[in-house]
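Please open the model in your viewer and keep the selection panel at hand. The stops below go from one selection to the next, with a short account of what is there.

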Amino acid sequence: AFARRGYLPTAPRNASTAIVFQVLEAYRQLHRVCPKLSIYAQVQALCHLHGQPFSRSFVGQFSSTFDVYLEILHRVDNRVNEELKRDSPEWRLRNACPPCMYTLTDEPDLELSLLCSMDGNSSLKLVDSSIQYGHLRQDERVHRIKDLFLTPDAVDVFKDEVASAGSGKAPPVQHGDIPNSLLSTADCVEKWRAAAPEERKHAFALFHTTGVFALFCQHGHPLVYCDMIRSGELRKYALAVIDKLMTVFGNNIGLAYDVGCDTWKTILNCSLRDRALEQRLRLIVPAFHGHQHNWLCQLDWHPMYIKGAGKEDFEGCEHAFKDSNMLASGTRLATAFHRHQAIEQQWTFRSLDKHADSGTFIYNNYKQALGIIRKDGADLRILSSKLGTTSADYEQYLKEEKAYLERLKAEPEEVHCANISGKEREKLDLDITLKRVHGAAITAVKNHYRYAWKKLENAEAHTVALEHRLSIERRWTPADLAYQETMAEMTMRKYWVALDKLERLVVQRLLELSKLSMGGIAYKLREKIGQALRTRAEAMRKALDEYNKQAALLDPPRPKLRWEQLIELSSMGDFDLLRNARQDIRQLKWADPMHREATRLHFNIERAQEELVCCNVEMRRLLTFMYNEHFDYQHAIAAATPFDPPLAHELSTRWAERDRVNAQVARRLQQISQLPGFTGELKLGRRDADGYNSGDALVLNNTSGPTWVTTLGLTATETEWVDVEDEAEDNNNVEQTQAVNDTEEAEELVDFLDRLELI
C-alpha cells in the first residue's frame, strides 16, 4: 500500500512512518555532491520543513529506510545489468573506463596499454567497535560491488612473503633478463612512510581500519580498493592490488605509486616477479611527488623520461581522495557495512561523473600536447641549430648523466679492492704489530681468550692470502715505505669517498634548482621542490662535515669548505671543487645549461607526441563505446517490453539520461577534431568482443542510431553544433528523478518491487 503511493515504510510491519521515494533519492543526490551531509542533518532539515520537533529516533528510521532504498536500487542495477549482458564477473572492472579499456581491433599498439595510479589514504578510518560507546549491534551485511573491493583474505596472501626492502633483509635481486632501466634501486625513499620497514608501520589502537588503499585509472575511474587493517601502508596492500591489476588487464601496464622505485625492488623479491617481468609491468613515480625523490631516481622513474607515459601526471589518487575525504566525518563511527556502502556510493557516482567529463578530459590533454609541440618545438629547433645537436644527442646526454650519478654511489672497482686490502692491513697492524702478538704471547692469548685466538687465526689466514696476492715477501711494519704509502693511499681514498658523496648531493641540488627557474612551474610544485631541497640539506651538512674532516688529514691539507659556499652555488660552473673530483663534469655537454634545456624540451615534446597518439586512440574507443552502448540499451528495451514493462521503463529512463550525457561527450570529441593540428580520425572502430560492429548495428531490428551520430558527421547529414557549456547547463536543469503520477505506474512499481523480493 505504501509503495503504491510512492512511499517506503520505516519498518517491515505495522509501520507508522513512511518516507517518499523522492526524498530518499534527493538525499542520495545531495550526498553525491556534498558527502559531508549526514543523515542526522538531513532528518533535522526534514523536521523543520514539516514543522515537527526533532527526535533522534527519526535518524535511525531514516537510516534503515535509506539502506533498504539503496538495496532496492542495487537489485534494480543487477536486473538492468543482466538485461544488458553486463553481469559477468569483473565486467565493471574490465569496462570501468571506455577510453582506457574499450580496446578496438584496428587501433595502433600503445607503449603502455593502461595507465593508472595507486596510493593509500588514511582519512577513511573506522574506529574499533570495542572502543565505541554502547552495545555492538551485529551487522552481517557485506559490500555490494564484488569486483570493487579486495577482501582481507586476498590481501593477506602476500603478508608473509614481503621482504622489507627498507630493513636490508630482502634477498639479493637476480638480474636475469630485467631491462637495465629497471635495475636501478634508488636510495631516496627514507622519508616515505610507505617505503619504511614493515615493522615500523604500526597503527593507533583506536582504529580497526586505518584507511584504504585504492587504484584509479588515468581518467579518475576507481578500479579496486582494499582496507588497511590495524596497520600503516604495508607493502602487502600494493602487491595485492598489483596482482589483481596484472590478472585482469595483462601486459604493458604503467602503474604509478609514490614509492614506485622501492616497490619495484619488493616485486623483484616476491612471487609476482616472474609475472611482472613477463607482462612488462612498468612502475612510475607520480610527477608531483617525484620531485621529492633525488635526481637519479627521477631519471629512472619520473614520467618525463618513461616512454609511453605521455603527459599524464599520475596524481589521480590525490584528486579522488580529495573528494572521498569528505566522507570521513560520517564513516569513522559507522558500522563496517555502512562505511563500505558510503565508499561504494561515492566512487560509483565518481565513475559516472568521470564518464561525463571524459570528452573534456581528452580535449584539455589534446590542447596541452599541441601547445607543447608548437611552443617547445620552436624553441628546440632554435637551440638544436645553435648547438648542432640532434635527438640522438639528447638521448645520449640522459644516459651519460645517469651513468655519472650511478658512479658516484659507489667507488670504482679498483679502489674498492684497494680499500679491502687497506682494511685487512689495518686489522693486522692492530692485532700483530701494535699488540705484539708473537710466540709465547700467542699461547697466552689462546689460553685466556679462546675466541680472540680464533679471531687471530682468521686474521693470519687473511694476511697470508693478502701477502700472496700483493707478492709481499716480508711483513710490513710502520717503518716500511710501502706501509707509509699505503696509509697515505687509504687516507686519500677516504677523502675521495667523502668528496664523491658531497659532489653527488650538491650536483643533484643544482639540477633541482634549475627546475625552479623553468617557465610553467606552478607555485605548489615550486613549493614541493623547495621542500625536497630543504629535506636534503641535512644530508648535505653531514656530507660536508665528513669532507672537511678527511680534507684536513691530507698532506698538505685541502682548504675547508663552508656551508655558506654550498648554499650560494647556482650552477655547476660555480662548483670549483669539481676540479678535484674523479671526473670534472663542468665541461661535459650534458652538464651545460643550454644543452640541459634542449634535452628537457626534447623529452617534453616526445611525451606530448605520445599524448596525441594516446588521445587519438581514446577518442575512437570512447566514440565506439557510446555508439555500441546505444544499441545495447535499445535491444534490451525491445526485449524487455513484452515480458517486463517496468524493467523496460527503467531501461528507457536510464538511457534517456545516458544519451544526454553521451551527446555532450560527443560534442567535445567533435571539437577536438576541429583543433588546428588534429592528427586523428573521428570514426567508429571495430571490437570483436561485441556481437555486432559499428555500421552493422544500424540494420539490426530496424534500430536507428543515436541522434548525436548525425552531429558528428558519421552520416551524410550535418547538424549544427551548440555550445557545450550552455548545453551542459541545460542538462543540469533537467529533473532526473520522475515521480509516480498515476495508479497504473504505481501498480507497475509495486509489481517490480515484488519481483525483487523486498516488499
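Select Glu 650, which is partly exposed with a relative accessible area of 22%; here buried means under 20% relative accessible area, exposed over 50%, and partly exposed in between, with a 1.4 Å probe and protein chains only. The term salt bridge stands for a side-chain nitrogen of Lys or Arg within 4 Å of a carboxyl oxygen of Asp or Glu. Because Glu 650 and Arg 654 are four residues apart in helix H23 (residues 645–673), about one helical turn separates them. Helices (H or I, at least four residues) and strands (E, at least two) are DSSP runs, numbered from the N terminus.

This is a predicted model, in which local features need pLDDT of at least 70 and side-chain atom pairs count only at pLDDT 80 or more, while totals for chains, interfaces and linings use all residues. Residues are numbered from 1 along each chain as its sequence is written, and side-chain values use heavy atoms, with hydrogens and water left out.

Next, select Asp 106 and Arg 620, which form a salt bridge with the closest N and O atoms 3.1 Å apart. This pair links distant parts of the chain, since Asp 106 lies in the loop between helix H5 (98–101) and E3, whereas Arg 620 belongs to helix H22 (residues 593–640), 514 residues apart. Asp 106 is partly exposed at 37% relative accessibility, while Arg 620 is buried at 10%.

Then move to Glu 107 and Arg 621, whose salt bridge has its closest N and O atoms 2.7 Å apart. Glu 107 is in the loop between H5 and E3 and Arg 621 in helix H22, again 514 residues apart. Glu 107 is buried, with a relative accessible area of 16%, and Arg 621 is buried at 5% relative accessibility.

For a network of salt bridges, select Lys 307, Glu 606, Arg 607 and Glu 610, which are linked in one. The structure holds 32 salt bridges.

Finally, select helix H12 (residues 316–324), where Gly 316, Cys 317, Ala 320, Phe 321 and Ser 324 are buried. Seen down the axis of H12, these residues fall within an arc of 125 degrees (taken from the directions from the helix axis to the C-beta atoms), so they line one face of the helix. Their cover includes strand E3 (114–121), strand E6 (207–217), helix H13 (328–331) and helix H14 (336–387).

How values were computed
Contact = heavy atoms within 4.5 Å.
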